[in-house]
Amino acid sequence: MGQPCDYLIVGGGAAGCVVARVLAEHGYRVTIVEAGRTQTPPLRRPADYLRSFGTRDDWAFVTVPQPELAGRRIRQPRGRGPGGSTRINAMIWYPPQATDLRMLAEAGGPDWAPDRLDASLNRVTAWVRPEPPRWLSTASRRFLDLSRPAFHAPHAFARMTDRRGRKTAADLLMDSGSVVWVDGQAERLLVAEASPGEDAVAPRDPLRVTGVEVRQPDNPQPRTILADRGVVLCGGAIGSPTLLLRSGIGPADVLNPCGIVPRVVSEEVGHHLVDHLVMPVIFGIPPRERFPTRFSVRDLARWQVVATGPASSNLAEAGAIYALPPRGDARQDRCRPPAGDDAEQARNQFQVHLTPTHYLLHPADGAPAAMTIGVNLCRPRSRGRLTIRSADPRIPPDIDPRYLTDEADGAGLVAAVGAARELARSEPFAGWVREELLPGAKRPSFERTLQAIRRFSQTLYHPVGTCRMARDGTGVVDAACRVRGTVGLHVIDASVLPDIPSVNPNATVMALAYHAATRMASGSE
Ligand SMILES: Cc1cc2nc3c(=O)[nH]c(=O)nc-3n(C[C@H](O)[C@H](O)[C@H](O)COP(=O)(O)OP(=O)(O)OC[C@H]3O[C@@H](n4cnc5c(N)ncnc54)[C@H](O)[C@@H]3O)c2cc1C
């Protein structure tokens, strides 16, 4: 048994830290169970973030083989430790767009009206205080001068950084003395059982969740932690559905083969997995402009003394949003938006991330001098699923985003690659950019470009949707983020998003967390 608390939060990531701060500010005793070691600091130097992959800060998931990506398993990093994925992410702070706010309003109803959620975003932004970059590469500076018409013109990304470098979501909790961190992986939810003499809990009664069973490092016995008021799952789009499934909340066709007794049959758990798939379009640049894979003494001094120079780069330095160019291709024409429908417009837009490196090879020492125009569809249509194949918490879930299974996504990405090629031919890139390294000049056709996308595209690390919110009773959680069929259990994190935000999702997730937690804390849900 641990210390008593009012709320027990599973997962101290982007959402979990916001929820904890809101609840603590309302005077509740809060405990966070976090699977990563709570004492170790993250890598603060922005340019080092790729070096966190595969370390103990990363769950290092991989997807199941993706048939439309040449059978590849796609690496799916997820942060572990205080701050969650904000320990290892690219730090971009991109506020949700009007279409993203409306998407949540549709799922959540009047309490999630765009102006209300916007107010929550403002509160979280005031906590985070995102900053503009202190340094930009030549490639990014040239990108900012492109004049092609854009939905969002080229701009340097605001970031979750300060003078010390990376700021994680856990940094928001530095003054919250009332939050207790517990090292360990939550393995199962604990539920109230009828005690002798009490009427048995009827099968249709909601399941009352009372706490969690936690496996701690260096302790062979699982530890029980109880919460007086409720348990809030903030384990993210992979962690939260996995814990629900292991606790018997999910579709019977997943639970039964694992020998898990279904306690709440909730068909939607794990469905609607959606992610941004990015295709790197890579160009050679003059060798003197090569982004360092090891920093010189001068670079390190610049970073330490004035927090600038290449070590302060988050690599994904700048970006823009463009409309997909028309191709007259039936598959892509399915993406043409009806006038005025901004959700459909987002389906017909792509985002660019400008990176002053060879996207696939950096930071390997042999990486050539290159820049990457990474393209991804703002709102892909393909939908996947997360399942488990064992009750054993040590066995990772099966993550199946089913990338490009909707044909329009492949066609859209081909069009986006074509647009990236045009950008690289425009002033002020023209004459400065050298040969196209990927997909490469030998792959100009639709088919060859699509083939390259199948072979080389990667996750942009934005999985969402596996515990979808809906107010009409079809989702895993209701509009107050309460898990249907249970009492005392919420999910508040990227998994409840009903669709993928059209931009980098972290700011949306943190705003959503503030919004849901405030309503929970004030009893207005
Ligand atoms: C490499 C990378 C780069 C990214 N770059 C950006 C970017 O630049 N901008 C942007 O907007 N978004 C970015 N993202 C996405 C963004 O970080 C996530 O959308 C956001 O962090 C999701 O927040 P979350 O709270 O849902 O999950 P997370 O932040 O992942 O937090 C989940 C937490 O729960 C813990 N946990 C899970 N299961 C358990 C369990 N059973 N027991 C105990 N603890 C558990 C995890 O260890 C983790 O700490 C990136 C993500 C990654 C991985």
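Mentor: Val191 stands opposite Val209 in S10. Strands here are DSSP runs of E with at least two residues, helices are runs of H or I with at least four residues, and both are numbered from the N terminus. This is a predicted model, in which local features need pLDDT of at least 70, side-chain atom pairs count only at pLDDT 80 or more, and totals for chains, interfaces and linings use all residues. Residues are numbered from 1 along each chain as its sequence is written, and side-chain values use heavy atoms, with hydrogens and water left out.

The Val191 position belongs to the pairing of strand S9 (residues 185–191) with strand S10 (residues 207–215), which is antiparallel over six bridges; two strands pair if DSSP finds at least two bridges between them. S10 also pairs with strand S11 (residues 223–233), in the antiparallel sense over four bridges. In that pairing Gly211 stands opposite Leu226 in S11. With strand S23 (residues 486–487), S10 runs parallel, and two bridges join them. There, Leu207 stands opposite Thr486 in S23. In a regular strand, side chains alternate between the two faces of the sheet.

An open sheet is made by three strands in the order S14-S19-S20, with antiparallel pairing. Its edge strands, each pairing on one side only, are S14 (271–273) and S20 (398–400). From one strand to the next the twist averages 35° (axes are lines fitted to C-alpha atoms, for helices over the stretch in contact, and angles run from 0 to 180 degrees between N-to-C directions). Strand S19 (residues 384–387) pairs with S20 over three antiparallel bridges. The bridge partner of Arg385 is Asp400 in S20.

Helix H5 (residues 236–246) packs on this sheet and touches S19 and S20, where contact means heavy atoms within 4.5 Å. The direction of H5 makes about 50° with that of S19.

Thr242 lies in H5. Leaving out residues up to four places away in sequence, Thr242 touches Leu386, Ile388 and Pro397. Thr242 counts as buried because its relative accessible area is 7% (buried is under 20%, exposed over 50%, partly exposed in between, with a 1.4 Å probe and protein chains only). A polar atom of the Thr242 side chain lies 2.6 Å from the backbone oxygen of Ile238.

Key: Polar contact = N/O pair within 3.5 Å; in protein donor to acceptor, adjacent residues only side chain to side chain.
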